[in-house]
Amino acid sequence: MRAKQLALCMFILSMIAGVASAQTIPSCPVTRTVTVRATILVSGTTFNGNCTRYVAGPELGDGSQSESQKPVFKVVNGTLRNVVLGAPAADGIHTEGNVTLTNVHWQDVGEDALTVKKSGTVTIDGGTAFNADDKVFQINAASTFTVRNFLARNGGKFIRQNGGTTFKVSMFIDRCDISVMGEAIARTDSPTTTVRMTNTRYSRIGRQLFIGFRSGNVSQSGNVQY
């Protein structure tokens with residue numbers, strides 16, 4: 001019996017270790033700091049910040065929950081990589097269309113880290129986000145939204161579809177580390193929105209992992225609570 005129990009414990013530990021090792025969250029040591037006084041537009045191209053820290057000037061906002069703030073970056077059918085957003089970050093990043101973010105970090109989220117403004121496929125691969133008073137990612141248009149290799153800590157929700165909307169969002173969360181969310185990992189009011197979370201570590205999630213999703217619209221595998 002003891003041998004079987006030991007084998008079971010070793011199996012569970014190996015599974016946890018496997019999930020942890022699968023996460024490859026990159027870093028971006030700050031090389032310089034730039035104050036942004038007008039939104040930087042990235043349209044149809046790739047913007048490489050080379051780990052520059054971008055801080056919002058007062059022209060964009062103060063990083064509060066005010067809805068009148070402007071984004072530091074607006075990405076339209078483009079790619080943003082190796083960027084650090086410092087404090088204040090105003091309204092973070094807005095996306096329109098098909099957008100990829102690679103190795104993007106929010107040191108202090110501000111209003112929202114990122115908002116999907118127009119429909120498309122948005123992929124966030126690698127990065128971190130800290131201290132979101134409400135949500136980290138806000139989705140305001142039908143989209144496929146993927147986050148992988150990402151660490152988020154201290155917020156209300158990791159992903160939130162705009163309240164009261166019924167358009168479909170396909171959410172994918174893979175190889176992330178999500179902790180200290182006061183309400184949930186993801187929330188929607190849409191009967192058609194789906195979420196799939198895989199190979200992810202999570203802890204200290206408030207009410208429940210997923211709120212508002214219809215039965216059958218949530219799938220999980222390989223996740224570990226710690």
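I looked up Glu96 and found it buried at 15% relative accessibility; buried means under 20% relative accessible area, exposed over 50%, and partly exposed in between, with a 1.4 Å probe and protein chains only. The model is a predicted one, in which local features need pLDDT of at least 70 and side-chain atom pairs count only at pLDDT 80 or more, while totals for chains, interfaces and linings use all residues. Residues are numbered from 1 along each chain as its sequence is written, and side-chain values use heavy atoms, with hydrogens and water left out.

I then checked the partner of Glu96. Its side chain meets that of Lys118 in a salt bridge of 3.9 Å, N to O; the term stands for a side-chain nitrogen of Lys or Arg within 4 Å of a carboxyl oxygen of Asp or Glu. The pair links distant parts of the chain, with Lys118 in strand S8 (residues 114-118) and Glu96 in strand S6, 22 residues apart. I noted that strands (E, at least two residues) and helices (H or I, at least four) are DSSP runs numbered from the N terminus. Lys118 is partly exposed, with a relative accessible area of 48%.

**His94**

I stayed in strand S6 (residues 93-96), where His94 also has its place. His94 is buried, at a relative accessible area of 10%. Its side chain makes a polar contact of 2.6 Å with the side chain of Asp91. For such a contact I took a pair of N or O atoms within 3.5 Å; within protein, one must be able to donate a hydrogen and the other to accept it, and residues adjacent in sequence count only if both atoms are side-chain atoms. Leaving out residues up to four places away in sequence, His94 touches Pro71, Phe73, Lys74, Val75, Thr115 and Lys117, where contact means heavy atoms within 4.5 Å.

**Other salt bridges**

I searched the whole structure and got 13 salt bridges. One of them joins Glu59 to Arg37, with the closest N and O atoms 3.4 Å apart. Glu59 lies in the loop between strand S3 (46-56) and strand S4 (73-76) and Arg37 in the loop between strand S1 (32-36) and strand S2 (40-43), so the pair ties together parts 22 residues apart in sequence. Glu59 is partly exposed, at 40% relative accessible area.

I also looked at Arg207, which forms a salt bridge with Glu183 at 3.5 Å between the closest N and O atoms. Arg207 is in the loop between strand S15 (201-205) and strand S16 (210-211) and Glu183 is in strand S13 (residues 177-187), 24 residues apart. Arg207 counts as exposed at 56%, whereas Glu183 is buried at 14%. Both belong to a network of salt bridges that also takes in Asp112, Asp134, Lys135, Lys157 and Arg187.

**Nonpolar core**

I listed the largest nonpolar core, which has 50 residues; Trp106, Phe137, Phe145 and Phe158 touch the most other members. Such a core is a set of buried Ala, Val, Leu, Ile, Met, Phe, Trp, Tyr and Cys residues joined through side-chain atoms within 4.5 Å. Strand S11 (residues 143-161) gives the most to this core, with six residues.

**Whole chain**

I recorded one helix and 18 strands for the protein chain. Of its 226 residues, 50% count as buried.
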